[in-house]
Amino acid sequence: MDKKYLLTTGQMAQFVADGFLCFDEFIPAELNKAAHDVFESKNFGRFKQGKPLFEAMPEDHPVGRIFRLPEVQGITHSLVGPDPLYDHHAVHTVPAGQKHGQHWHGDAIIDTRTHFDIQYFYFCHDTPLEMGGTMILPGSHFRQINTVDIGRYQNFMGQHKFVCKAGTLAVVHHGMWHCAQPNRTADTRYMFKLRLNPMVRQLRLWNTDDYESGDWRGALGKTYRWMGNEDRLEVVNHIKLWRFLSGDKKFDLGYWLSRLENMPENLLEAS
Ligand SMILES: O=C(O)CCC(=O)C(=O)O
Ligand SMILES: [Fe+2]
């Protein structure tokens, strides 16, 4: 894997705090058209779950070609390693003129270990506000919920809609809260979702050339207004995930996590 395709430490820190990264107009027009055609054909085909991604997804399938682009493989490699497993996909469709949005939910948050899956959200056509770009709640990925547990909520401070141009690709932590939006246009809205499971320990898989600079530290301290008084607990979550990803067991921002590691129950030795 050529380093130039890998994520930087700054992007990884942003992913840890926000739970997603978005790459606008990232996929070439020719592939966007091929993907749109196959979504419209309703003849997408099936892939075998739990198989290595490129074994499951044929090379000549439009989405097989998209996820083999070196720029996309670089993102995949940085977050879940070189040979992840294909978990599942969905061609999420919002019909023309659909007035209702979806309940806020999390997709299968069954595995509660620190290691994480990624979900790609791919938009093959322009997705303006009235068409309903998927809405997410940045920073929500550490709040482990069961499907529509949170469905009674309508809006959150800091919610974000993927209102975007054709070819936009977002990559999201599997814990992210999200929901589809209404589609007030005369065209069907497609969002292709792909979930991948890591097969290697997620340890410094990105381009670490900027690690020593420390410029990425600020991104890890980011919090959102919806967190209210619990924002400090979320910073501790960021630190814990960063220790896991970087292998730096002593990593801290300020004194947040080190404070919890102070062991006052140690007894004084008799002198
Ligand atoms: O269609 C979308 O924008 C999201 C759909 C979704 O998240 C789901 O059905 O699980
Ligand atoms: Fe979902």
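Predicted model: local features only at pLDDT ≥ 70, side-chain atom pairs only at ≥ 80, totals over all residues.

Student: In what order do the six strands of the open sheet lie?

Tutor: To read a sheet, follow the strands from one neighbour to the next. In this open sheet the order is E1-E7-E4-E9-E3-E2, and the pairing is antiparallel. E1 and strand E2 (51-52) stand at the edges with a single partner strand each, so one side of each has no neighbour in the sheet.

Student: How many residues of strand E4 are buried?

Tutor: For this we count neighbours: a residue is called buried if 20 or more other C-beta atoms lie within 10 Å of its own. Six of the six residues of E4, residues 118-123, are buried, so the strand is largely enclosed by the rest of the structure. Both of its faces are covered, with Ile 118, Tyr 120 and Tyr 122 on one side and Gln 119, Phe 121 and Phe 123 on the other.

Student: Which strands do bridges join to E4?

Tutor: Six bridges join E4 to strand E7, residues 168-173, in an antiparallel arrangement, and the bridge partner of Ile 118 in E7 is His 173. Five bridges join E4 to strand E9, residues 189-197, which also runs antiparallel to E4, and there Phe 121 stands opposite Lys 193.

Student: How far does helix H7 reach from its first C-alpha to its last?

Tutor: The idea is to set the span of a helix beside the span expected for its number of residues. Helix H7, residues 231-246, has 16 residues and reaches 22 Å, close to the 22 Å expected at 1.5 Å a residue. Its buried residues are Glu 234, Val 235, His 238, Ile 239, Leu 241, Trp 242 and Leu 245, and what covers them includes helix H1 (9-18), helix H6 (217-220) and helix H8 (256-261). Just after H7, Gly 247 takes a positive phi of about 75°.

Student: Which residues have a positive phi although they are not glycines?

Tutor: Here we look at the backbone angle together with the surroundings of the residue. One of them is Glu 25, with a positive phi of about 45°, which lies in the loop between strand E1 (20-23) and helix H2 (29-41). Another is Thr 147, with a positive phi of about 35°, in the loop between strand E5 (135-136) and strand E6 (160-161).

Student: Why does Thr 147 count as exposed?

Tutor: Thr 147 counts as exposed because it has 12 C-beta neighbours inside 10 Å, whereas Glu 25, with 15, counts as partly exposed.

Student: Finally, which residues are around ligand 1?

Tutor: For a ligand, list the surrounding residues and then sort them by class. Around ligand 1 are His 92, Val 94, Gln 102, Asp 107, Thr 134, His 178, Ala 180 and Met 191, and this shell divides into three nonpolar, four polar and one charged residues.

Methods. Residues numbered from 1 in each chain as written. Chains lettered and ligands numbered in written order. Helix = DSSP H or I, 4+ residues; strand = E, 2+ residues; numbered from the N terminus. Expected span 1.5 Å × (residues − 1). Contact = placed C-beta atoms within 7 Å. Near = placed C-beta within 6 Å. Nonpolar A, V, L, I, M, F, W, Y, C, P; charged D, E, K, R; others polar. Pairing = 2+ DSSP bridges.
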